[in-house]
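Hi everyone, thanks for coming. Let me put the sequence and the structure up on the screen, and then we can walk through them together.

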Amino acid sequence: MKTSTISVALCFAGLGLAARSHQAVGKVEPGSPAPLFTVASAEGKTVSLADYKGKYVVLEWTNKDCPFVKKHYGSGNMQSVQEKATKLDVVWLTICSSAPGKQGYMTQEDAKQRLKDANMHGTALLLDSDSKVARTYGARTTPHMFVIDPKGIVIYNGAIDDKPTPDPADIKGAKNYVMAALEESMAGKAVSVPKSVPYGCSVKY
């Protein structure tokens, strides 16, 4: 328990700084165009957001060592949501923006192994080690989620759900904001919760 508490404390360390950095370098609000980017994937392919024009896209910021990320991946919740989304023809891009030497940093080989170990069901795992994409979007935490509609407009920015804890037991009964945004938008409805406060570890710029 003590180790877990320390891990969470370290995870939150610098979150205030991340929030200030978020305000300084980028702030992508719902209703605004999603900034385009091009970045390498775990497989060494070049992935551009522009390639997915006309599709729904989910951006998921990740850090494999973050207790909040472990909550969703260790329980299988994140993989389940990824699978549900991709079955709806949604493009799911998981982004690691941890800088070299920082918590969660991954080389290409690390990322390939992560894909296997975590049994990820998204479209691609992207390596943003210079944090350019994270800074452009103002990504604050891991996870931090964005949903983009087929017109390239951000329709959701925030947390994955409404239970901001590292406890996997809290997943049951939580409202998943990402799936809600996708399903409402696909049904021609306005997204009922277009923005929430993201929770988790600070992005390790």
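What pLDDT does the chain average, and what percentage of the residues score at least 70? This is a predicted model, and the chain averages a pLDDT of 90, with 87% of the residues at 70 or above. Two stretches need some care, though. Residues 1-7 have a pLDDT below 50, and beyond near neighbours in sequence this stretch makes 1 contact in the model. Residues 12-25 also stay under 50, and there the model has 20 contacts beyond four places in sequence. Where pLDDT is low, the predicted coordinates should not be read in detail, so please keep that in mind as you look around.

Now for the cysteines. How many disulfides does a search of the whole structure find? The search finds 1, and it joins Cys66 to Cys201, with an S to S distance of 2.2 Å. This pair links distant parts of the chain: Cys66 sits in the loop between β3 (57-62) and α3, while Cys201 belongs to strand β9 (residues 201-202), 135 residues away. The torsion about the S-S bond is about 95°, so this disulfide is right-handed. Are its two ends buried or exposed? Cys66 is buried, at 0% relative accessibility, and Cys201 is buried at 0% as well. Another cysteine, Cys96, is buried with a relative accessible area of 3%.

Let's move on to helix α3, residues 67-74. Here 6 of the 8 residues are buried, so the helix is largely enclosed by the rest of the structure. The buried ones are Pro67, Phe68, Val69, Lys71, His72 and Tyr73. If you like backbone angles, look at Gly76, which follows α3 and has a positive phi, near 85°.

Next is Asn77, in helix α4 (residues 77-87). Asn77 counts as buried because its relative accessible area is 16%, under the 20% cut-off. Which residues does Asn77 contact, leaving aside neighbours within four places in sequence? They are His72, Ile160 and Ile171, and His72 is one of the buried residues of α3.

My last stop is Lys163, in the loop between β8 (154-158) and α7 (177-186). Lys163 is partly exposed, at 32% relative accessibility. Not counting residues up to four places away in sequence, Lys163 touches Lys71, Asp170, Gly173, Ala174 and Tyr199. Lys71 takes us back to α3, where that lysine is buried. Finally, Lys163 and Lys175 are 12 residues apart in sequence, and their C-alpha atoms are 7.9 Å apart in space.

Notes: Residues numbered from 1 in each chain as written. Predicted model: local features only at pLDDT ≥ 70, side-chain atom pairs only at ≥ 80, totals over all residues. Heavy atoms only, no water. Buried < 20%, exposed > 50% of the residue type's maximum accessible area, 1.4 Å probe, protein only. Helix = DSSP H or I, 4+ residues; strand = E, 2+ residues; numbered from the N terminus. Contact = heavy atoms within 4.5 Å. pLDDT = per-residue confidence, 0-100. Disulfide = S-S within 2.5 Å.
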